[in-house]
Amino acid sequence: MQKHRDIWEKKIEKKWIIWKQDCPFCAKPDKQEKKLILWQSDLWEVRYNKFPYWWIKKHLLAFPKRHVEHITKLTKKEFAWLKDVEKFILNYYKDTQYFVFLRETFYWRSIAHIHYHYLPWNIHWSDFAKILKKQWFTK
Ligand SMILES: [Zn+2]
């Protein structure tokens, strides 16, 4: 699985950001990606991360189906549906603690389309620091 993350890092290596024209969240999922989808409504989707951090199978991503680049651009209806995304997540992790962060950026080696990362609790801080460094958030 670490190999998968390497594939992603290679893809993003020479880019600041992936914009709408190459957006993997807007692209029609292929056969393999369809298997990653865990939950969806008309407006949101939750799937396993195709390129998870550190072999973590339960590394999930949630994103609006419409290409939205900043949380302030969500409609009220999309915001309301976020509650259902969270209900799904709560049920998915059950007794496992998890960590969530919103990826919202125009510059920092990611996808412009906003997406939440959900990770189960047992991440070592130094591994997380490496990720932040690779994405240029830390020195
Ligand atoms: Zn998109």
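How many helices and strands does the protein chain have? The chain of this predicted model has four helices and seven strands, where helices (H or I, at least four residues) and strands (E, at least two) are DSSP runs numbered from the N terminus. Residues are numbered from 1 along each chain as its sequence is written. In this predicted model, local features need pLDDT of at least 70 and side-chain atom pairs count only at pLDDT 80 or more, while totals for chains, interfaces and linings use all residues.

**Figure 1. Overall dimensions of the protein chain.** From the N terminus on, the order of elements is α-β-α-β-β-β-α-β-β-β-α. The radius of gyration is 15 Å, close to the 14 Å that the globule rule gives for 139 residues, so the chain is as compact as a globular protein of that length. This radius is taken over C-alpha atoms, and the globule rule is 2.2 Å times the number of residues to the power 0.38. Along the principal axes, the C-alpha atoms fill a box of roughly 40 × 40 × 30 Å. Of contacts between residues at least 6 apart in sequence, 61% join residues at least 24 apart; two residues are in contact if their C-beta atoms, placed from the backbone, lie within 7 Å. Buried residues make up 15% of the 139 residues. A residue is buried if 20 or more other C-beta atoms lie within 10 Å of its own, exposed if 12 or fewer, and partly exposed in between, with C-beta atoms placed from the backbone.

**Figure 2. The open five-stranded sheet.** The strand order is β2-β3-β4-β7-β5, with antiparallel pairing; two strands pair if DSSP finds at least two bridges between them. Strands β2 (37–40) and β5 stand at the edges, each with a single partner strand, so one side of each is left without a neighbour in the sheet. From one strand to the next, the twist averages 20 degrees. Angles run from 0 to 180 degrees between N-to-C directions, and axes are lines fitted to C-alpha atoms, for helices over the stretch in contact. Strands of a sheet pair through backbone hydrogen bonds, either parallel or antiparallel.

Figure 3. A hairpin of three residues links β2 to β3. These antiparallel strands are joined by three bridges, with β3 spanning residues 44–48. Ile37 stands opposite Arg47 in β3, and Trp39 has Val46 of β3 as its bridge partner. On the next step across the sheet, β3 and β4 pair in the antiparallel sense over five bridges; here Tyr48 is partnered by Leu60 in β4. Leaving aside its neighbours within four places in sequence, Leu60 is in contact with Leu38, Val46, Arg47, Tyr48, Asn49 and Tyr118.

**Figure 4. Pairing of β7 with β4 and β5.** Strand β4 (residues 60–64) pairs in the antiparallel sense with β7 (residues 115–120) over three bridges. Within this pair, Ala62 stands opposite Tyr116 in β7. Strand β5 (residues 98–103) runs antiparallel to β7 and is joined to it by six bridges. The bridge partner of Tyr98 in β7 is Pro120.

**Figure 5. The largest nonpolar core.** Twelve residues form this core: Phe25, Val46, Leu60, Leu61, Ala62, Phe63, Val85, Ile111, Ala112, Ile114, Tyr118 and Leu119. A nonpolar core is a set of buried Ala, Val, Leu, Ile, Met, Phe, Trp, Tyr and Cys residues joined through C-beta atoms within 7 Å. The elements giving two or more residues to the core are β4 and β7, and β4 gives the most, with four residues.

**Figure 6. Helix α3 and Lys94.** Helix α3 (residues 76–93) has 18 residues and reaches 27 Å from its first C-alpha to its last, close to the expected 26 Å; the expected span is 1.5 Å times one less than the number of residues. Lys94 follows α3 and lies in the loop between α3 and β5. Although not a glycine, Lys94 has a positive phi of about 45 degrees. Most residues other than glycine have a negative phi. Lys94 is exposed, with 6 other C-beta atoms within 10 Å.

**Figure 7. Asp30 in its loop.** Asp30 is found in the loop between β1 (17–18) and α2 (31–34). Asp30 is exposed, with 8 other C-beta atoms within 10 Å. A distance of 21 Å separates the C-alpha atoms of Asp30 and Ala112, which are 82 residues apart along the chain.
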